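Thanks for coming. I will go through one structure this morning, starting with a loop and ending with confidence.

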Amino acid sequence: MAGGLTAAHPPLKLHIKHRRLHILPLRANIHGLELRSKKRRLWVEAGTVAVGLTRVSRCCFDSVRPTRRSGRSGHSVEKPQEKSPHRVQVQATPALPFASRFVSRQEKFHPRCTPRYSGPQSRDTPPKRDTGIAHEKDWGINLLNGNIKESGTNEDGSIWYRESGEDLGENGYRCRWTRMGGRSDDSSTEWKETWWEKSDWTGYKELGVEKSGRNSEGDSWWETWQEVLHQDEWSNLARIERSAQKQAKSGTENAGWYEKWWEKYDAKGWTEKGAHKYGRLNEQSWWEKWGEHYDGSGSILKWTDKWAETELGTKWGDKWEEKFFAGIGSRQGETWHVSPSGERWSRTWGEEHFGNGKVHKYGKSTTTESWDIVVDEETYYEAEPHYGWADVVGDSSQLLSIKPRERPPGVFPNLDFGSSTPAPTDDSPDLPPTQQ
C-alpha cells in the first residue's frame, strides 16, 4: 500500500454525456382544473425525457390506472382495466440520478501523477441510484495491511493522505482499517474513504466501506456498504447480513436522493430483503418502500408502497401486498390520486387463492365501479428467494476468510450479539426523510 494503489485500483474516470432538451409547454386537466407548465430549458442526463405534469423517477409509476403488473418474483397481479372518469395518465421517466450529472473534477483536482507521486487517486465519483448492495468483489477491499501514515501535495496544489492501522479490544475484538482522502488547493473539492474488517471471538465478522465527497458546485454524496457474519441469538444459526446506504445532494438546485437497502439470510433458508428510497427534484418528491420475507418453509410475504407529490398539491400512489403458503394465499392493493383541490380518487382490489385453481377477485373504486367474481386461474408464486443462502455464501469469500485473533486456552468469549457496526462520522451529510 505504501507504494501506491495496486493494479486493481486505477484512477477512476467519469465520462458522462449530456444533451440539451427543450421541454415544451405541457397541459393536463385534472377534475376540471387545467394546469400548464412553464416553458423551460434544462441540462438533464442523457436519456431523460420530458413528460406531462412532472418529471418523475422510475421509482414512481407509469400511471394511476390499474394495469396488469408483475410482482418482484415474476408473478402477475391481474387488475381490471376499466377507465375511471377521474383517471390521470402520468408517464414516468427513467431514473434520474442527478448525482450522475456531476461533472468529474478528476483532471482539475488530481491530474495524472508523475512516477514520483505515490498518493491515492481522486475518488470524485458519486454513487448511482437504484444499484442495490454491491458484492464485496466490486469494492476491492484489499488495502488493510500494514501500519501506514503518509500524505503529500500534488503539482496542482491539491493534497492527499493515506493511513492504515489496527485497533484491538476486549473479547478478541480486532479492527483493521485504511483511511484515505484528499482535497483541492482551495478546499472546494474533497473526498474521503474508510475501509475496514472486524472480528472477535464470538465468530462475528464484518467487512465495510464508507465514502463521501463534494465538488466546487456544492454537490455532495455519501455511501456506506457493510457485510456481516454472526450467530443468530435465538436460533444459533449462522447468519449473513448485507446493507447499503447512499445519498447525494445538489448544490445548485433543490434536488437530492437517498436509499437504504438490506438483505438478511440464515443457514436454513430464512431470508429478508427490503429497501427505502426517497428523492426530490425541485417541485417534486417521491418515495418508495418494499420488502420480502421468506421463512424457509414455504411461507412468503411481499409488499410495495410508492407515492409522489408536487408542490402544486397533486399526489398519487400505489401499494400492494401478498401472502402465500403452499399455493394458498391472498393479494390486495390500492391505487390512488389526489388533486390540488383535495378531491380523491382510489381503486382497491383483492384476490383470494384457494390452491385448487379457483381465484376470488374483488374490488371497487370511488367512482362506484365494483366487481366480485370467481375465476379458474393457475396461481403462481415463488416460495424461495431467487438469491438465497447458498448464493450469498458463495459471494462472501472475503468476509468468511477474515481471521480472528487467536483465543488463549481457557478463555471463553462473551456471547454478546450487539451490533458493532460503526456510527456515521460527523462528516456524513444529514439523511433526508424516507417517509411522507
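Asn-171 sits in the loop between strand S8 (159–168) and strand S9 (174–183). Helices (H or I, at least four residues) and strands (E, at least two) are DSSP runs here, numbered from the N terminus. Before going on, the conventions: this is a predicted model, local features need pLDDT of at least 70, side-chain atom pairs count only at pLDDT 80 or more, and totals for chains, interfaces and linings use all residues. Residues are numbered from 1 along each chain as its sequence is written, and side-chain values use heavy atoms, with hydrogens and water left out.

Phi of Asn-171 is near 65°, a positive value in a residue other than glycine. At 22% relative accessibility, Asn-171 counts as partly exposed; buried means under 20% relative accessible area, exposed over 50%, and partly exposed in between, with a 1.4 Å probe and protein chains only. Asn-282 also has a positive phi, near 55°. Asn-282 is in the loop between strand S15 (271–281) and S16, and is partly exposed at a relative accessible area of 23%.

Now the rings. How many aromatic pairs does a search of the whole structure find? The search gives 6. Rings of Phe, Tyr and Trp (its six-membered ring) pair if their centres lie within 6.5 Å; planes under 30 degrees apart count as stacked, over 60 as edge-to-face, and the rest as tilted. One of the pairs is Tyr-278 with Trp-287: the centres are 5.6 Å apart and the planes are at 50°, so this pair is tilted. Trp-287 also pairs with Trp-307, and that pair is stacked, with 5.7 Å centre to centre and 10° between the planes. Trp-287 lies in strand S16 (residues 284–294) and Trp-307 in strand S17 (residues 299–310), so the pair ties together parts that are 20 residues apart in sequence. Tyr-278 and Trp-287 are buried, and Trp-307 is buried too. Ring pairs link Tyr-278, Trp-287 and Trp-307 into a cluster.

Strand S17 also holds Leu-301, which is partly exposed at 25% relative accessibility. Leaving out residues up to four places away in sequence, Leu-301 touches Gly-291, Glu-292, His-293, Glu-321, Glu-322 and Lys-323, where contact means heavy atoms within 4.5 Å.

A separate ring item: the charged end of Arg-179 sits over the ring of Trp-177, 4.0 Å from its centre. The criterion is NZ of Lys or CZ of Arg within 6 Å of the ring centre and within 35 degrees of the ring normal.

Next, the core. A nonpolar core is a set of buried Ala, Val, Leu, Ile, Met, Phe, Trp, Tyr and Cys residues joined through side-chain atoms within 4.5 Å. The largest one has 22 residues, and those with the most contacts inside it are Ile-141, Trp-195, Leu-207, Val-209 and Trp-225. Two or more residues each come from strand S10 (190–199), strand S11 (205–214), strand S12 (220–231), strand S13 (238–249) and strand S14 (255–266). Beyond four places in sequence, Ile-141 touches Trp-195, Leu-207, Gly-208, Val-209, Trp-225 and Gln-398.

Last, confidence. pLDDT is the predictor's confidence in each residue, from 0 to 100. The chain averages 75, and 67% of the residues score at least 70. Over residues 1–117 the pLDDT is below 50, although this stretch has 282 contacts in the model beyond near neighbours in sequence. Residues 419–436 also stay under 50, with 41 contacts beyond four places in sequence. Where pLDDT is low, the predicted coordinates should not be read in detail.
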